[in-house]
Amino acid sequence: MSEVKIKQSGIDALGDYVRTRMGRLAAQMIDDARRLAPVDTGALKQSGHVRRMSPELWRISFGLGLPDGRAVYNELGTSRMPAQPYIRPAVYRERAL
């Protein structure tokens, strides 16, 4: 019968690696989303931000500081305009890696 031994230091090192990797993934996602964002005035593209909420949670947001809901409307579309997604493709691309 096989035996598996796990050292506490190995688990801590793995946790550190994952936290570091998550920060890099969040930065890559925001860069991709900015590249894919539709450009009219450039304000939507510039409104993208990544914020660390906790060691395991990162928030990617667009539209902060804009006077309208164009970030959501572009991502999801409306009854009068088709969606032009830019956040979801960026997230899906990184998720597949």
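This is a predicted model: local features need pLDDT of at least 70, side-chain atom pairs count only at pLDDT 80 or more; totals for chains, interfaces and linings use all residues.

Colleague: Why is Glu 75 called buried?

Modeller: Buried means under 20% relative accessible area, exposed means over 50%, and partly exposed lies in between (1.4 Å probe, protein chains only). Glu 75, a residue of helix α3 (residues 70-76), has a relative accessible area of 7% and is therefore buried.

Colleague: Why is Leu 76 called exposed?

Modeller: Leu 76 also lies in helix α3, but its relative accessible area is 55%, so it counts as exposed.

Colleague: What makes the link between Arg 88 and Glu 75 a salt bridge?

Modeller: A salt bridge requires a side-chain nitrogen of Lys or Arg within 4 Å of a carboxyl oxygen of Asp or Glu. For Arg 88 and Glu 75 the closest N and O atoms are 2.7 Å apart, and the pair forms a salt bridge. It links distant parts of the chain, with Arg 88 in helix α4 and Glu 75 in helix α3, 13 residues apart. Arg 88 itself is partly exposed, because its relative accessible area is 33%.

Colleague: Which backbone atom does the side chain of Glu 75 reach?

Modeller: The side chain of Glu 75 reaches the backbone nitrogen of Ile 87 at 2.8 Å.

Colleague: How do you know that Asp 32 and Arg 35 form a salt bridge?

Modeller: Their closest N and O atoms are 3.6 Å apart, and the limit is 4 Å. Both residues lie in helix α1, three residues apart, about one turn of the helix. Asp 32 is buried because its relative accessible area is 11%, whereas Arg 35, at 52%, is exposed. Together with Arg 93, Asp 32 and Arg 35 are linked in a network of salt bridges. The structure holds four salt bridges.

Colleague: Which residues does Ala 90 touch?

Modeller: Contact means heavy atoms within 4.5 Å. Not counting residues up to four places away in sequence, Ala 90 touches Met 29, Asp 32, Ala 33 and Leu 36. Ala 90 belongs to helix α4 (residues 87-95) and is buried, because its relative accessible area is 1%.

Colleague: What makes β1 and β2 a pair of strands?

Modeller: Two strands pair if DSSP finds at least two bridges between them. Five bridges join strand β1 (residues 49-54) to strand β2 (residues 57-61), and the strands run antiparallel. They form a hairpin with two residues between them. Within this pairing, Arg 52 stands opposite Trp 58 in β2. Helices (H or I, at least four residues) and strands (E, at least two) are DSSP runs, numbered from the N terminus.

Colleague: Which residues make the nonpolar surface patch?

Modeller: Leu 14, Tyr 17, Val 18 and Met 22 make a patch of about 380 Å². Patch residues have over 30% relative accessible area and no salt bridge; like charges are joined within 9 Å, and nonpolar side chains (Val, Leu, Ile, Met, Phe, Trp, Tyr) within 5 Å. Val 18, found in helix α1 (residues 8-36), counts as partly exposed because its relative accessibility is 41%.

How values were computed
Residues are numbered from 1 along each chain as its sequence is written. Side-chain values use heavy atoms; hydrogens and water are left out. Accessible areas come from the Shrake-Rupley method with a 1.4 Å probe; for residues, only the protein chains shown count as cover. A polar contact is a pair of N or O atoms within 3.5 Å; within protein, one must be able to donate a hydrogen and the other to accept it, and residues adjacent in sequence count only if both atoms are side-chain atoms.
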